Amino acid sequence: MSSVPSSVKGVHYPRLRPGVKIATETTAKVVCRLETHRHLNNDHATIKTAEERFDHMSTPQYTGPIPIPTPETKPFWDGAKQHQLMIQRCRSCKQHYFYPRPLCPHCLSREVEWVEATGRGKLHTYVINHRAPRQPPIPPPFILAIVELDEGPRMMTNVVGTDPDPAKLPCDAPVEVVFDDVTPELTLPRFRLVNA
Amino acid sequence: MSADFRKLRGSAAIVGVAESDQLGRLPHKSSLQLHMEAAHNALADAGLKKSDVDAVFTSGRNMAADVPEYLGIRPRFVGGTQVGGCSFILHVEHAMAAIHAGLCEVALITHGESGASRIAMPAPRWGDDSTNNQFELVYGTLGPASGYGLMARRHMHEFGTTSEQLAEVAVATRKWAALNPRAMYRDPLTLDDVLRSRFIAWPFHLLDCCLVTDGGGAAIVTSTERARDLAKKPVYILGTGESTTHMIVSQMPSFDQWDAAIESGKRAFQMAGVKQSDIDVAQLYDAFTVVPMLALEALGFCKKGESGPFVAGQRTAPGGAFPMNTNGGGLSYTHTGMYGIFTIIEAVRQLRGECGERQVKDAKTAICHGTGGQWSAAATLICSTER
């Protein structure tokens, strides 16, 4: 993941058109995604071309969005790639928080540090998406969840490894993190029921 | 917090309201044309001319400059607050404050959105480096359908709220729509129809979700003094409140109560100096069936967790004890994307007695309440025929 933003920001890529050469499979996927997003509204031909090219890439295919880290969020994404769930903690008020930012949203202190979370928590709430989003990260129906980490903060995620059936998904069920390497560059922290 | 805000009570009035010429699927009209039609019609409703307008409030990226240009208005006061669908209810408070401060006298609040046809709509808001895309979109969010559903699921867990109770709202709202000639869907609906419609984002069925339409709406706010000699009987602004708690839904403080609405409602009732039992008719933004239910709790019409039993038995339908969303709501009348303005239009028409078959008898005091984002922002307006 760490190579994605620098390569995207530092290098000018030609717009994808039939016949444009793409250096490597890895880079091509990233470029395809970005081009797809950028031209969504004004150039349907570009989208089609990008997606057609994407279809010829490696399998199984991740069809979800590729986020671009910012300087303050990069340690989280780098951590995920190392299969570590990195969150932040305030040295002043001692509370953990998420998403990453260089100040504590509880007390506004800027004395904050990165810590590795245990990866354990509870399934606070969820929905089961039956309709596919524009870029589905998982084929629907799939579980879109809010997990409350043992450290306190909540985060959005997917619950995987369980049928998307409400009867099997009680709120407050214990969960633990699993790291899905969805592309060579992107690892998503997802969760599974501990007793499933 | 100073108690000074109470001095705004009754200082301004809503004197004109209107929709665009048509609502629904309008691929032959741009979002700006829908603004124009609503603004034009609202000025006519108020008996005011374009030259009387000295303030413009609207929502959407760059729209606070785009709309005055399109209308040929040079405002002395410009309001572009954009916190989602309830923005226009916030604009009422901001207009009232600006009028009270002497910065302007006649404020045009306008909305136009080609929500279904997407003609001349602003570009998508978020890039792949936004917090939204990094920490939510990447897990497959469906926008509002998934964001609002997260609260519904937790509410079911905490309080035993059921899908049947959610469906009650859809059915009751359709009954009001049947009485509104401008509503998009007017055929009767049963609880079974709702419960058998396909899932969009469980626990939401298709018929728990609002429409997606094209349309516009506008309201004119002026000082109580100026309101006295205009075309229609003024509707006085007694109380307003607003708040935001988050932008992306994973940052929401609670998933079993609507915190932003608790704040906005408390302040609006404090300013107005009225009780919940003084409200004759309620227009509570219904992007999804659960949204007005959580508003009923946040605004104090029922206790926390009790909105399911509250809406059961068609209590909010025509003839029920609590007339709610009498235009047919976002669920059956129209929902352009930012529905808030339509709560104001319907409240004013009810208080003027202009609602024909769906008129709530002797309605004197109304409440409007809206949501923005995904439970992110909330705004409340209490208005009345009496000061």
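Trainee: How many residues does helix 3 of chain B have, and how far does it reach?

Mentor: In this predicted model, helix 3 of chain B covers residues 87-100, which makes 14 residues, and from its first C-alpha to its last it reaches 20 Å, close to the 20 Å expected at 1.5 Å a residue.

Trainee: Is helix 3 of chain B mostly covered or mostly exposed?

Mentor: An α-helix has 3.6 residues a turn, so residues three or four places apart point the same way. In this case helix 3 of chain B is mostly covered, with 12 of its 14 residues buried, and among them are Phe88(B), His91(B), Glu93(B) and Ile99(B).

Trainee: Why does Ala145(A) count as buried?

Mentor: A residue is called buried if 20 or more other C-beta atoms lie within 10 Å of its own, and Ala145(A) counts as buried because it has 27 C-beta neighbours inside 10 Å. Ala145(A) belongs to strand 5 of chain A, residues 142-149, and, leaving aside neighbours within four places in sequence, its contacts include Leu123(A), Tyr126(A) and Phe191(A).

Trainee: At what angle do helix 1 and helix 2 of chain B cross, and which residues make the contact?

Mentor: Their axes come within 10 Å and cross at roughly 65 degrees, in a right-handed crossing. Helix 1 of chain B contributes Leu32(B), His35(B), Met36(B) and Ala39(B), while helix 2 of chain B contributes Asp66(B), Val67(B), Tyr70(B) and Leu71(B); these residues divide into six nonpolar, one polar and one charged.

Definitions and conventions. Residues numbered from 1 in each chain as written. Chains lettered and ligands numbered in written order. Predicted model: local features only at pLDDT ≥ 70, side-chain atom pairs only at ≥ 80, totals over all residues. Helix = DSSP H or I, 4+ residues; strand = E, 2+ residues; numbered from the N terminus. Expected span 1.5 Å × (residues − 1). Contact = placed C-beta atoms within 7 Å. Axes fitted to C-alpha atoms, helices over the stretch in contact; angles between N-to-C directions. Left-handed = near helix turned anticlockwise from the far one by under 90°. Nonpolar A, V, L, I, M, F, W, Y, C, P; charged D, E, K, R; others polar.
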